[in-house]
Amino acid sequence: MNDNKKEIIRLLRGSEGNPVSGQEIGEKLGITRAMVWKYIRGLRREGYDIRSSPKTGYILDACPDIIDPVELKGLLKTSLVGSEINYYSVLESTNNTAREIAQKAPEGTVIIAEKQNKGRGRLGTEWQSASGGIWMSLILKPSIPLENVSRVTLVAGIAVTNALRNMDIDAHIKWPNDVLIRGKKICGILTEVSAEVQKVDHVILGIGINANVKLSDLSEDIRRNSTSISNEMGKVIDRNRFVASLLYELEQQYIIFKTKKFIDIVDEWINLSDTIGRNVRVTTPNRIIEGKAVGITEKGALVILDGNHERHEIIAGNCRYIN
Ligand code: BTN
C-alpha cells in the first residue's frame, strides 16, 4: 500500500468514528481533495469500508481482514516479543521457518503467516490452517535446562487464555496446551526445542488460533470439537489488534517466568485450567493412564491419581476427558 493510503487509514482510525473532511486529509498530506477522493476509492477496492458524506467527510467503518505487519508493529506495546516480525503471505509451517532462522534470529522474533500449507500439530498430526486464523511462531532463548521446557508451554497457554479473556471470552486451558471455549478447541500450541547436551539453545512456540476461521472451512471431524473467536463473538475481529494484545500477554508471562518462582505460574495455570479435577485418559507412546487430574508439577507434568490412588506424573501425552 502506498504511503498516502496508509496515512489516510491512520488518520481515519485516529478519529475513532468521527468524520474527517477531505480538506483536512488533503492539507495533512499536501495533496488535493480530488487526490484524496481517488485514494479513498482505491482503499474501498482493497476492502476498506469507508463512508463518505459531502458535508462532514470520511468515516472508516471497517477494515479488510488481513494481517498487516506495518499496522501490527504500530500497535505493539512490547520490547522483546515481536522485536522483529517476519510476515509471509504463505508458508509451509511457521515453525519450520522459525527453526531455519532461529540460530541467528534475535530472541523475541515472530514469524507470522496468513496461510500455512503444511501446518503441524502435536504428536505428528496435521494442523488445519483455514483462512482467517493466526498462525505464528515465537523464538525464545531462555537459559533453562532442557527438562524445564514444558514450563514455557504452560506460560504460552496462560498468555493466549489471558488475551482471549481480555475480549470477554471465557477461555480455559486443557492440559498440556489447548485453549478451549465452552469445551471446544480454539488454539493449539506446538513447542519445539533445540538444545545442546542439557542446555536449551532456543525454544519455538508455535501458536495456532482459529481467530476469524469459518467452522465450515474445517473438516467435519475437527469441526465437531473446534470453535473460533468470530464464531464465539458473532463478528469478525481485528486480527492485528488481537495479535498485538497476544504478544503483550506473552511478554508479560515471559517476564514472570524469568523473574518469579515457577510455582506462581503453576497457580495461575491451575486457576485457568479446564483439566484439573476432571477424570482423564492420557495416552503416551508407551502407556495409557486413567484417573483424576489433580495438579501440575514444577516441570509442567500432569499429576493423575488412578483408581488405586496411585500417583502418576505425565510430562507429555494426549489427554481426553472421560465421563
Ligand atoms: C496442536 O494442538 O496440535 C498444536 C497446533 C499448533 C499449530 C501452530 S500454527 C503455527 C505453528 N506452525 C505450525 O506448523 N504449527 C504451529
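Two strands count as paired if DSSP finds at least two bridges between them. In this predicted model, strand 12 (residues 302-305) and strand 13 (residues 311-314) run antiparallel and are joined by 4 bridges. Within this pair, L302 stands opposite I314 in strand 13.

**The hairpin**

The hairpin of strand 12 and strand 13 has 5 residues between the strands, and H309 takes a positive phi near 60 degrees there.

**The chain as a whole**

The protein chain has 10 helices and 14 strands. Its C-alpha atoms fill a box of roughly 80 × 40 × 35 Å along the principal axes. Of the 323 residues in the chain, 50% are buried. The accessible surface comes to about 16000 Å², and carbon and sulfur atoms account for 47% of that area. Among contacts between residues at least 6 apart in sequence, 63% join residues at least 24 apart.

An open sheet of 7 strands has mixed pairing and the order 3-4-5-9-8-7-6. Strand 3 (85-91) and strand 6 (171-174) are its edge strands, each pairing on one side only. From one strand to the next, the twist averages 20 degrees. Strand 5 (residues 134-140) pairs with strand 9 (residues 199-209) in the antiparallel sense, over 7 bridges.

Two helices are described against this sheet. Helix 6 (residues 149-165) lies across strand 5, strand 6, strand 7 (178-181), strand 8 (184-196) and strand 9, and runs at about 150 degrees to strand 8. Helix 9 (residues 239-259) packs on the sheet and touches strand 3, strand 4 (110-116), strand 5 and strand 9. The direction of helix 9 makes about 30 degrees with that of strand 5.

L138 is found in strand 5 and stands opposite L205 in strand 9. R151 is found in helix 6. Burial here requires a relative accessible area under 20%. L138 has 1% and is therefore buried; R151, at 14%, also counts as buried.

| Residue | Relative accessible area | Contacts |
|---|---|---|
| L138 | 1% | V81, G108, T109, V110, V203, I204, L205, L250 |
| R151 | 14% | F257, F262, E298, K299 |

L138 and N225 are 87 residues apart in sequence, and their C-alpha atoms lie 26 Å apart in space.

**A helix pair**

Two packed helices are described by the angle between their axes and the distance between the axes. The axes of helix 1 (residues 3-14) and helix 3 (residues 33-45) come within 10 Å and cross at roughly 85 degrees. Angles of 65 to 115 degrees count as roughly perpendicular, so helix 1 and helix 3 are roughly perpendicular to each other. At the contact, N4, K5, I8 and I9 in helix 1 meet V36, Y39, I40, G42 and L43 in helix 3. By class, this contact has 6 nonpolar, 2 polar and 1 charged residues.

How values were computed: Residues are numbered from 1 along each chain as its sequence is written. This is a predicted model: local features need pLDDT of at least 70, side-chain atom pairs count only at pLDDT 80 or more; totals for chains, interfaces and linings use all residues. Side-chain values use heavy atoms; hydrogens and water are left out. Axes are lines fitted to C-alpha atoms, for helices over the stretch in contact, and angles run from 0 to 180 degrees between N-to-C directions. Contact means heavy atoms within 4.5 Å. Buried means under 20% relative accessible area, exposed over 50%, partly exposed in between (1.4 Å probe, protein chains only). Angles under 35 degrees count as roughly parallel, over 145 as roughly antiparallel, 65 to 115 as roughly perpendicular and the rest as oblique. Ala, Val, Leu, Ile, Met, Phe, Trp, Tyr, Cys and Pro count as nonpolar, Asp, Glu, Lys and Arg as charged, and the others, Gly among them, as polar. Accessible areas come from the Shrake-Rupley method with a 1.4 Å probe; for residues, only the protein chains shown count as cover. Lists of a residue's contacts leave out its neighbours within four places in sequence.
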